[in-house]
Amino acid sequence: MQSKTEKIITYSFLSFFGCVVLFPFLWIGMMAFKKQIDILMMKIIFKPTLFNFEKIFFSKEATFFDDIFNSLVVGISSTIIILIVCSMASFTMIRLRIPQWITAILFLWVIVFHMLPPITFVGAWFMMASSFGLFNSRIALILAHTTINLPLGLLIISSFMRDVPTEIQEAAFVDGCSNRQVYFNVILPLLRPGLFAAAVIVFLFSWNDFMVAMNLTAKATQTVPVSIATFSQQYEVRYGEMAAGSLVSLIPALILTFFAQKYIVKGLTAGAVK
Amino acid sequence: MHHKDTNWKILSLLPIFLILVCLTLIPLVNIFYNSFFDIRWNDGGYVYKFIGLQHYIELPHNKFYLPGLKNTVTLSMITVLFQMIFGFCIALGISKIKTGKSFFTSLFLLPILLPPIVIGSIWRLMYGFDFGIFNYLLSFAGVYPLDWLGDPSLAFISVVILDIWHWTPFVVLLLLAGIESLPTDVYEAGRIDGTNAWSEIIHLTIPLMIPTIIVTIVFRFILTFKIFDEIYLLTKGGPGTSTEVISFSIYEAFFSADNVGLGSVMSVVSLFVVSLIIIIMLNITRRINKYAE
């Protein structure tokens, strides 16, 4: 029902904004393969080099492999904890009879916590971590990321939980299954898309977090974003390495966006609109 | 059919309660308690000295906190306005096309999903005085290079531009979900009446979208208070206090000045302000929704 001009206008409008979104990434992608001198001289045509990548991965003071390892350990652990904790809780709160006020208070607090600036809690976490001797350990960061991303995980999983048909669950109860059996054998399999959506989003947010990681880790346990930030902190900004590190850190998000776009869109909207 | 399997109910809720109590409620109480003390790190331990309300009384005179609060509110208002305008147009555009829909959706997802620190790094390079792309492009237009991050009034605008770029996609996502869930029969009725595209948007889409639009505004407004990474990389709150925001003031008090008491006071006041804004916005939302019905 659309006229041809209308179509052309829409596509050129979207393409224009698409370029605005994409441009910074293309620019930094190009920069990652330039030598410092080419960057400073603003050369558009240059000889691509892997020098920056060699430097961040293989130079003597390089920590990038360790940083990636730290990021993966923290991201995967906190994601798994969130999936287990939130799927159990949301099954009980949404599908079983429990006093209404428990559900109400829990959701209210989770939503309020989700909206508060995390920095207000990081100071207290830092003090708790140091008094338990957990500063500069991955455990402190895993717990912090679990807490920060828990609201999103709970909201996403709960919204998918509401879409799981009740009939199957009721049938299982009639057959005499216990709550635990229903959770493991009926709910979890049906909840798989929700768990996947939550996992992707929660993992990415943990991978991306800079502020909490910077304040709870030191050199040995620093994550990728913290490491990238240090490239710009020295007396001389190391543009090439910063660009190369940034490019590497984009990989998980790019892969997941490509393969799981549908789930991410569904998850992010579920986590926001509720 | 309800089961009285209470053990499961308790066990399944225990972990989430433990996490929320230990890692959100106790820290909250802790922050509140600490706000009445002067706390210094000394010989491997914190030394507490009770000072009552002194921190609270001195807070308005703090060089960073109130300017930061003002900047944060201004930033939220300006960026949300532009994000809503751009976001609505883009969402509408995506909803109208058939081919390439998922391509454009993926494209607009990128800024939300990529590390903010990378986004901060990129923009810092682009804003660079000597080697930044913006000044490079301006040089062709014969404009003198601008000090994007060093000039007090320009620095704030630079942060605004970055935030609009960063979070418009989020608005697109929410509004697109809203547009796609609108009932199609209303539009068909409109087409039979012979409405053109423009009046369709004004008279059908926008009124029907009001609840989604309000939720999005509330959400973006409150979430802008979390801004930290970009400020940390771009300006560190400077020059002066021109780009200071509350998260950065709290960070400086806690981690640079090692003044736990002051950091706690700033946290308490910020939590109070944000909660107040949440309550006010929820009330407004409820009223508008009632009116819309």
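Start by selecting Phe121(A): leaving out residues up to four places away in sequence, Phe121(A) touches Thr24(B) and Pro27(B). The model on screen is a predicted one. Phe121(A) sits in helix H6 of chain A. With 24 other C-beta atoms within 10 Å, Phe121(A) counts as buried, because the cut-off for that class is 20 or more. For a distance check, pick the C-alpha atoms of Phe121(A) and Ile76(A): they are 22 Å apart, and the two residues are separated by 45 positions along the chain.

**Chain A as a whole**

Chain A has 13 helices and zero strands, and the order along the sequence reads α-α-α-α-α-α-α-α-α-α-α-α-α. Along the principal axes, the C-alpha atoms of chain A fill a box of roughly 75 × 65 × 30 Å. Of the 274 residues in chain A, 48% are buried.

**The nonpolar core**

Next, select Trp125(A), Ile156(A), Ala198(A), Val200(A), Ile201(A), Leu204(A) and Leu216(A). These are the residues with the most contacts inside the largest nonpolar core, which has 146 residues. Helix H7 of chain A, residues 138–163, supplies the largest share of this core, with 14 residues. Now centre on Ile201(A). What is Ile201(A) in contact with, leaving aside its neighbours within four places in sequence? The contacts are Leu152(A), Ile156(A), Ile264(A), Gly267(A) and Leu268(A).

**Between the chains**

Show both chains and select the residues of each that touch the other. On the chain B side there are 72 residues, in contact with 71 residues of chain A. Helix H1 of chain B, residues 6–34, gives the largest share of the chain B side, 13 residues. Sorted by class, the side of chain B that touches chain A holds 51 nonpolar, 15 polar and six charged residues.

To see the contact itself, display Ile119(A), Thr120(A) and Gly123(A) in H6(A), which meet Ser247(B), Ile250(B), Tyr251(B) and Phe254(B) in H11(B). The residues of this contact comprise four nonpolar, three polar and no charged.

**A helix pair inside chain B**

The crossing of H3(B) with H9(B) is right-handed.

**A covered helix**

Move to H5 of chain B, residues 116–126. How many of its residues are buried? The count is 11 of 11. Among the buried residues of H5(B) are Trp123(B) and Arg124(B), along with Ser121(B) and Gly120(B).

**Two loop residues with positive phi**

Finish with two loops of chain B. Select Lys236(B), which lies in the loop between helix H10 (229–234) and H11. Its phi is near 55 degrees, a positive value in a residue other than glycine. Lys236(B) is partly exposed, with 15 other C-beta atoms within 10 Å.

Then go to Asp258(B), in the loop between H11 and helix H12 (260–292) of chain B. Asp258(B) also is not a glycine, and has a positive phi of about 55 degrees. Is Asp258(B) buried or partly exposed? Asp258(B) has 13 other C-beta atoms within 10 Å, so Asp258(B) is partly exposed.

Technical notes. Residues are numbered from 1 along each chain as its sequence is written. Chains are lettered from A and ligands numbered from 1 in the order in which they are written. This is a predicted model: local features need pLDDT of at least 70, side-chain atom pairs count only at pLDDT 80 or more; totals for chains, interfaces and linings use all residues. A nonpolar core is a set of buried Ala, Val, Leu, Ile, Met, Phe, Trp, Tyr and Cys residues joined through C-beta atoms within 7 Å. A residue is buried if 20 or more other C-beta atoms lie within 10 Å of its own, exposed if 12 or fewer, and partly exposed in between; C-beta atoms are placed from the backbone. Helices (H or I, at least four residues) and strands (E, at least two) are DSSP runs, numbered from the N terminus. Two residues are in contact if their C-beta atoms, placed from the backbone, lie within 7 Å. Ala, Val, Leu, Ile, Met, Phe, Trp, Tyr, Cys and Pro count as nonpolar, Asp, Glu, Lys and Arg as charged, and the others, Gly among them, as polar. A crossing is left-handed if the near helix is turned anticlockwise from the far one by less than a right angle, and right-handed if clockwise.
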